[in-house]
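Dear colleague,

Please find below the structure for your review. A summary of the findings follows it.

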Amino acid sequence: MHAIESNLLAPSLSVPPTPAWHRFLVATSAIELCQAWLEITCSQLADVDYAAILVKDLAAGGFAPIAVWPSEELDFASLSEAIGQAIHEQKGIVQRHSSRADQNWQIAYPVQITSGIEAVIGLSITTPSPNQALQLLHWNSAWITNLFISRNSELGQVNFYRARKLIDCLTSLNHSKEVAQSLIELTTEIKAAIGCDKVAIGTFGTSQIRIRSITDSAHLEKNSHISKCYAAAMDVALDRDVIVQATREETAAQNPHDPVTQLLEASGNALLVVVPLSTSGRKIGALTLEWQHVQLEEESLKLIDAIRSVLAPAIESRLQSDQNSAQRLGHEIKQVFEKLLGPDHLMLKTVAAICIIPLLLSLLIHIPFRVTAKTVVEGEVQRTATAPFNGFISRSFVKAGDQLQKGQVLLELDTTDLEIEKHKWQGERDQNNEKLQQAIAAQDLAEVQVASAQLKQSQSQLALTIERLARAKIRAPFDGVVISGDQSQQIGAPVETGKKLFEIAPLDRYRVILQVDERDVGSIRQGQQGKLIITGLAGEAMALRISRITPVATAKDGKNYFRVEARLDDTSIHLRPGMEGVGKIETPSRSLFWIVTHKFTDWLRLTLWTWLP
């Protein structure tokens with residue numbers, strides 16, 4: 001049965017002759033007062049079957065009976081419907097009993113104060129006028145209302161007193177800039193708030209308790225016997241995570257070697273309370289309170305429990321504010337590991353496992369490291385068709401992309417001037433030949449020599465002109481494809497000797513040029529194999545082999561690239577010079593973690609090397 005204890009002063013009234021009134025006037029607790037009130041009320045009504053007073057049970061979250069009439073063993077479950085409706089509608093309820101045909105009524109009346117419904121009065125009565133019974137409950141409920149108002153007033157005063165003490169403790173903790181001085185002031189304030197004779201406080205370090213302050217002790221020696229006793233007793237409370245309360249006589253008789261017993265013997269006090277300070281499963285420290293007497297008030301225990309819940313996070317925050325960056329980082333890492341290795345925090349452990357297991361697998365699994373590079377296909381042999389002499393373009397037969405056969409005419413130059421020059425040198429040759437014949441007939445040796453030289457000159461010029469006429473038709477040197485050049489729009493345009501007209505490459509011999517990033521070129525070796533996928537032939541992967549690494553870097557898009565040449569083991573009939581794609585060169589196996597992070601780690605090492613002295 002839920003109990004509400006409240007000290008009541010008996011009023012200075014003449015005691016009525018009935019025993020119920022006598023018990024009502026001299027009641028010293030809420031249970032006695034409610035039971036007497038219920039008996040008086042039922043005696044004022046006729047034909048009451050049973051009645052009960054239910055009060056709010058804060059612990060259970062519902063309502064529990066505090067007084068019943070006529071007997072405590074009476075089953076009043078039939079009142080539950082009316083009581084529930086009264087609580088829900090927050091007003092008096094009168095309803096007929098569902099299982100009885102006579103004039104039996106179920107009446108429920110809620111007792112309300114400013115904080116809400118504190119109690120419900122329910123009774124079962126057989127009467128033709130149930131509203132009169134409800135009216136009597138309304139008048140008589142003033143006594144119950146006054147009871148709860150008085151009780152809430154007392155609780156408010158107690159809570160105000162307790163809150164003021166807690167605020168004083170928190171204020172003393174943040175009063176000084178130095179943590180050590182703040183803890184000294186805190187122990188002094190706790191001693192004054194609770195009224196004990198001695199207070200000590202310790203904080204939990206890396207692995208043990210460190211005693212920070214003891215009231216009435218000017219100096220603390222870390223290795224002194226009393227400090228070790230305090231630390232051992234605090235360790236016991238932290239391990240159990242409960243408030244330890246003990247007297248010297250009881251502990252000495254039960255276990256003389258217990259740390260709490262040894263602390264009582266060392267301090268000489270009669271009563272000891274050790275309060276562990278922890279928050280969210282983290283050990284913050286502990287507090288010891290000592291009395292020279294054995295009696296401990298209930299309010300002191302409640303204040304101790306309130307101090308425990310409030311001081312733990314406050315002390316933790318105060319200690320963290322005094323740490324430097326490295327200590328704070330270490331503290332945070334320690335907290336994470338404590339959560340991971342502790343019994344709780346299943347979600348954190350699951351997330352950590354999801355992150356750590358792939359990381360471990362990436363360190364253990366080794367796969368071939370493939371260097372990726374942009375590629376372009378070139379002909380193994382590339383020939384340039386140039387203008388053999390100064391002239392004009394007469395006709396053009398091919399352009400870039402056309403396939404050629406050896407000897408096929410690519411372009412013709414205008415030969416009009418050459419034909420004229422050819423006829424000129426033919427006429428001079430005939431004239432010089434006639435002069436030579438005349439000189440021979442005249443047996444003029446000097447004229448023979450002159451005419452013979454002139455004849456040879458005209459013959460040479462004629463042969464040169466004929467040769468130039470033959471070279472006016474530019475032909476393909478081999479079977480291949482035109483990879484650049486389109487002179488079809490330049491008909492009649494002049495060209496100079498040596499001007500590039502076409503570039504020709506064979507169709508069956510290619511080389512691949514890879515642009516390898518300077519960060520990856522150290523992994524490339526001659527003879528390594530790889531794969532090539534051309535953009536226009538994405539479905540065909542062609543095997544390649546590194547044939548040459550050019551030790552010269554070129555800048556492109558803000559990065560440096562090395563030119564690496566490779567040969568194709570097998571070619572596609574659709575492959576053409578100038579096609580671009582992506583090549584991947586296989587290097588020795590590395591861990592998956594290294595493959596993913598090596599570019600970042602290389603950049604980090606270079607950055608540190610740049611900035612470090």
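Which residue in S18 is the bridge partner of Phe 392? In this model, which is predicted, that partner is Pro 494. The bridge belongs to the contact between S18 and strand S13 (residues 391-396), which pair in the antiparallel sense over two bridges.

Both strands are part of an open sheet of four strands, with antiparallel pairing and the order S16-S15-S13-S18. Strand S16 (473-475) and strand S18 (494-495) stand at the edges of this sheet; each has a single partner strand, so one side of each is left without a neighbour in the sheet.

A search of the whole structure finds two aromatic pairs. One of them is formed by Phe 369 and Trp 594, in an edge-to-face arrangement with 5.2 Å centre to centre and 90° between the planes. Phe 369 lies in strand S11 (residues 366-379) and Trp 594 in helix H14 (residues 592-611), so the pair ties together parts that are 225 residues apart in sequence.

The two partners also have computed accessibilities. Phe 369 has a relative accessibility of 5% and counts as buried, because the cut-off for that class is under 20%. Trp 594, at 28%, is partly exposed.

Trp 594 has a further contact: Arg 590 lies over its face, at 4.2 Å from the ring centre.

Yours sincerely

Terms used: Residues numbered from 1 in each chain as written. Predicted model: local features only at pLDDT ≥ 70, side-chain atom pairs only at ≥ 80, totals over all residues. Heavy atoms only, no water. Pairing = 2+ DSSP bridges. Phe/Tyr/Trp six-rings, centres within 6.5 Å; stacked < 30°, edge-to-face > 60°. Buried < 20%, exposed > 50% of the residue type's maximum accessible area, 1.4 Å probe, protein only. Lys NZ or Arg CZ within 6 Å of the ring centre and 35° of its normal.
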